[in-house]
Amino acid sequence: MTIPANILQRKDELHNLINKYNYLYYATDNPEVTDSEYDRLFGELSQLEEDYPELLSLDSPTQRVGGQALDKFDQVTHVMPMLSLDNVFDEVEFIAFDKRVKDWLNTDSSQTYIAEPKLDGLAISLRYEKGVLIQAATRGDGSVGEDVTVNVRTISTVPLKLTGEDIPDVLEVRGEIFMPKAGFEALNQKQITEGKKPFVNPRNAAAGSLRQLDSKITANRPLEMYCYGLGEIQGISNMPETHFAAMHMIEKWGCRISPELELVTGVEACLAYIEQVGEKRDGLAYDIDGVVFKVDNLLLQQRLGFVSRAPRWAIAHKFPAQQEMTIVEDIEIQVGRTGALTPVARLKPVFVGGVTVSNATLHNQDEINRKDVRVGDTVIIRRAGDVIPEVVQIVLSKRPDNTQPFIIPSLCPICDSVAERIEGEAVMRCTAGLYCPAQRKEAIKHFASRKAMDIDGLGDKIVEQLVDEDLIDDPADLFRLTIEQLAALERMGNKSAENLVNAIQTAKQTKFARFLYSLGIREVGEATARSLALHFQNLDALMKADETALVEIEDVGPVVAHNIVTFFEQSHNQEVIDRLLAAGVIWPIEQQTSIDSALNGKTIVLTGTLEELSRSEAKEKLLALGAKVAGSVSKNTDYVVAGRDAGSKLTKAEKLGVTVVDEATLIEWIH
């Protein structure tokens, strides 16, 4: 069979690209493409070799696993090859895998699989002799890996000596070394502070940390390990019959296994497990990129055997990629409520993290300079859960010749007023205040938001129409709107207009803390607004307070105190407040929380899903008891209230020894 010239050319291109990306990924810890892009190229080559078997050669990337061992480490030949796994990406492909298993085993019976999240880290082999760790090796090319024993010994979750009974003479444990999300963020912050290049992702950070010639560096990196399989075993008296039992056997000897490890029987149970882990994904303390299923019965694993690079008895179901590669088509400036000029990359739309993404924040000029993002660049973007997409890396090898560094303009793009950067701040701000239409719109949106004045039905698009039609200039103008004015707006009928006018009038009855928060004073959030409301009791006293008096209040530092004083000194702000009060905005006087309250002054963190209360209701009630509700867990946290599916915050609380309570205890506190 004659192979077309274009197919031969494409085969060579794929060989070169995949080998290049393998080297960058495994040898230099500096990946240039996303995992999903690599998977596409690998899949394309595999399909070509299937369509044209004559293309298959011993040097094909499909015939090897991973990259080559680095020269700087001694090489280790694996007694049993460390193979990779084939991937499936949807329900149809997984059902096809299950059918292949049944066909190979000549059975119609539902199969039992061991299931666990697919960690995004670095595969490792640990060799124990007489229970003592004597060697640790990376996967390498599957046959030969790197001896990283000295470095692995520094990882606290790797047992240096197994404990328990009936430990084999030789035991090879296989697993994944990874870096938790919290440790990754802290490491990258340190890298940036020290002027060093940050890591692209936790997997990249884990690999770079493990491949240090100086083990002291590895010892200072937050690496962990979960075990997922066995290699060579000698001298065992009672070998389990199932993979599940084998994992719990090594767990008793001191090896960590995934807490998400489960047995599932049948396709429906497998698909349900995929959905369950997918829902937990963003709340887990570590990165995963899918779910692994393995036939549980070890004899059936032997019967099923292997293909060239992967076992027939296992599969990895990959989740939608959280990183993807795309092109920066433009960089635009958005003006926020406080006048902050935020650069936003307009991207060639790409599907990542389960949604189509076309924008990514670039934060500020310092961040643009650090990453050197330019229009026309090919970039790797990341999106996880509800996190705003961000550019994590520039692919310099794909940069066009005519690109130019991007500089945030010195004039506001909305009103042409001067934009300035205050010393000590990272952002530039428009100096026009409420005279800038962009700030005007955002200030009114904030004023009407649920945590502020909570005006039901006043959405962003209605606010934008009201400002564009010159019906309102500031929040006080909302209270003089008529049904006729609102009914004339696009997609707004008489009934909707009447409902909105009623909602605006209802919002006049509020709380002092909500009113202060609604004013949009820079860096005055909900907690600070409540502290101010409880301390001053009335607006006049607060408006007359100087910075010295303000800094005596908890949650108010010198910067916040300066912002408060500056805000109330502005004549146009005083005018808006007077008009709000004249329109009938009013609130009851709130009494100071009694010092006898058990929660007075305690710092509490809420995590997971609460069944009886919404998160905002729980927060409101805790604040009323004098507690401080924080967004993250630290050594200063007094309690963590853990609801259903609590994730990384619960894990961190347990590590720090913070007291964890359930929702029932929260209800007791409130009542």
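Phe94, Phe97, Tyr113, Tyr273 and Phe293 are joined into a cluster by ring pairs, where rings of Phe, Tyr and Trp (its six-membered ring) pair if their centres lie within 6.5 Å. Keep in mind that this is a predicted model, with local features needing pLDDT of at least 70, side-chain atom pairs counting only at pLDDT 80 or more, and totals for chains, interfaces and linings using all residues. Side-chain values use heavy atoms, leaving out hydrogens and water, and residues are numbered from 1 along each chain as its sequence is written.

By the ring rule, the count comes to 16 aromatic pairs. Take Tyr226 and Tyr286: their pair is edge-to-face, 5.7 Å centre to centre with 80° between the planes (planes over 60 degrees apart count as edge-to-face, under 30 as stacked and the rest as tilted). Tyr226 lies in strand β8 (residues 224-234) and Tyr286 in the loop between α9 (267-280) and β10 (288-295), so the pair ties together parts 60 residues apart in sequence. Helices (H or I, at least four residues) and strands (E, at least two) are DSSP runs, numbered from the N terminus. Tyr226 and Tyr286 are both buried, meaning under 20% relative accessible area, with exposed over 50% and partly exposed in between (1.4 Å probe, protein chains only).

Phe447 and Phe479 also pair edge-to-face, at 6.3 Å centre to centre and 85° between the planes. Phe447 sits in helix α12 (residues 437-448) and Phe479 in the loop between α13 (460-468) and α14 (483-487), 32 residues apart. Both Phe447 and Phe479 are buried.
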